[in-house]
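Work through the exercises below with the sequence and the model open. Try each task before reading its solution.

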Amino acid sequence: MNIQKGKSEFLMGIDTIDQLTSWLNEHHFISGVAFIGRSNVGKSSLINSLFGKSTARVSKTPGRTRQINIFQFVVVNRETKTEETFYLFDVPGYGHADVSKEMSQNWQNLLDTFFRLCSEKVLLLNIQDARHPLQDPDLDFQDYIKVFDLETYVIFNKVDKLKTQSERSKLKNLMPDIYKSCKWVKQIHFASAEKGDGLPAVEQAIVTFVMRQIQT
Ligand SMILES: Nc1nc2c(ncn2[C@@H]2O[C@H](COP(=O)(O)OP(=O)(O)OP(=O)(O)O)[C@@H](O)[C@H]2O)c(=O)[nH]1
Ligand SMILES: [Mg+2]
């Protein structure tokens with residue numbers, strides 16, 4: 001089973017709590033996947049590589065994504081020739097230093113609403129920069145989401161930027177500690193949205209999760 005590239009569709013961008021609440025209440029029984037991480041770690045790039053080019057806008061300026069963007073995507077089973085539709089959420093980056101208090105409060109409220117209302121049928125993908133893993137905002141985020149009890153996978157993106165074997169082993173050596181201190185993190189992946197490393201495994205992890213939700 002695979003994600004059908006190019007069949008993903010942008011549905012809407014949501015930036016108010018009222019809008020988000022009604023959307024999630026109407027769709028709470030449907031499975032999906034949410035991408036979240038610091039600004040500029042490559043969330044939109046990963047989405048484009050996994051779901052088809054130009055699904056999400058890739059910006060060169062950090063912090064451009066200022067709303068929760070909702071897409072739908074299709075998983076196709078080539079043997080049975082069946083298709084299933086799921087939701088994809090591109091959530092704005094956390095940990096901006098350069099926004100006003102008011103803006104970051106709004107954003108926090110939007111996030112709270114999202115995690116409170118999105119069901120356990122939603123898989124959380126926490127994207128981090130392979131060169132700068134476990135930054136303070138990443139640790140704060142892990143601390144924040146633990147109460148929501150959502151299945152979470154961490155994806156270290158931009159592994160193509162790790163040039164030496166020792167940089168790569170240093171990153172891999174963080175795995176036992178992450179599993180130990182973050183029990184809700186069930187998988188850790190290493191990927192490059194740009195070069196394609198690790199993407200088939202991430203795709204299969206997403207497909208396995210969402211298909212499991214409709215079978216239960
Ligand atoms: N070398 C390398 N660059 C990458 C990779 N993934 C993304 N980039 C680059 O990193 C920059 C940020 O990528 P985005 O996908 O816009 O990041 P984002 O996390 O969506 O950022 P926000 O929307 O601001 O939160 C772009 O210049 C990308 O081309 C990767 O795997 N390797
Ligand atoms: Mg983005």
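The exercises cover nonpolar cores, a helix pair and salt bridges in a predicted model.

**Exercise 1**

Find how many residues the largest nonpolar core has, and which of them have the most contacts inside it.

Solution. 
Step 1. The largest nonpolar core has 35 residues.
Step 2. Those with the most contacts inside this core are I36, F89, V91, F114 and F115.
Step 3. Helix α3 (residues 101-117) supplies the largest share of this core, 5 residues.
Step 4. Take F89 as an example. Leaving out residues up to four places away in sequence, F89 touches W23, L24, V33, A34, F35, I68, N69, I70, F114 and V122.

**Exercise 2**

Describe how helix α2 (residues 43-51) and helix α7 (residues 199-215) are placed relative to each other, and state which residues make the contact.

Solution. 
Step 1. Two packed helices are described by the angle and the distance between their axes.
Step 2. The axes of α2 and α7 come within 10 Å and cross at roughly 80 degrees.
Step 3. Angles of 65 to 115 degrees count as roughly perpendicular. Therefore α2 and α7 are roughly perpendicular to each other.
Step 4. On the α2 side the contact is made by L46, S49, L50 and F51, and on the α7 side by L199, V202, E203 and I206.
Step 5. These residues divide into 6 nonpolar, 1 polar and 1 charged.

**Exercise 3**

State how many salt bridges a search of the whole structure finds, then examine the one that K5 forms with E203.

Solution. 
Step 1. The search finds 6 salt bridges.
Step 2. In the bridge between K5 and E203, the closest N and O atoms are 3.2 Å apart. The cut-off for a salt bridge is 4 Å, so the pair qualifies.
Step 3. K5 lies in the loop between β1 (2-3) and β2 (9-14), while E203 lies in helix α7, so the pair ties together parts that are 198 residues apart in sequence.
Step 4. K5 has a relative accessible area of 42% and is partly exposed. E203, at 8% relative accessibility, counts as buried.

**Exercise 4**

Are D129 and R131 buried or partly exposed?

Solution. 
Step 1. The side chains of D129 and R131 meet in a salt bridge, 2.9 Å from N to O.
Step 2. Buried means under 20% relative accessible area. D129, at 5%, is therefore buried.
Step 3. R131, at 33% relative accessibility, counts as partly exposed.

Notes: Residues numbered from 1 in each chain as written. Chains lettered and ligands numbered in written order. Predicted model: local features only at pLDDT ≥ 70, side-chain atom pairs only at ≥ 80, totals over all residues. Heavy atoms only, no water. Core = buried A, V, L, I, M, F, W, Y, C linked by side-chain atoms within 4.5 Å. Buried < 20%, exposed > 50% of the residue type's maximum accessible area, 1.4 Å probe, protein only. Helix = DSSP H or I, 4+ residues; strand = E, 2+ residues; numbered from the N terminus. Contact = heavy atoms within 4.5 Å. Axes fitted to C-alpha atoms, helices over the stretch in contact; angles between N-to-C directions. Parallel < 35°, antiparallel > 145°, perpendicular 65-115°, else oblique. Nonpolar A, V, L, I, M, F, W, Y, C, P; charged D, E, K, R; others polar.
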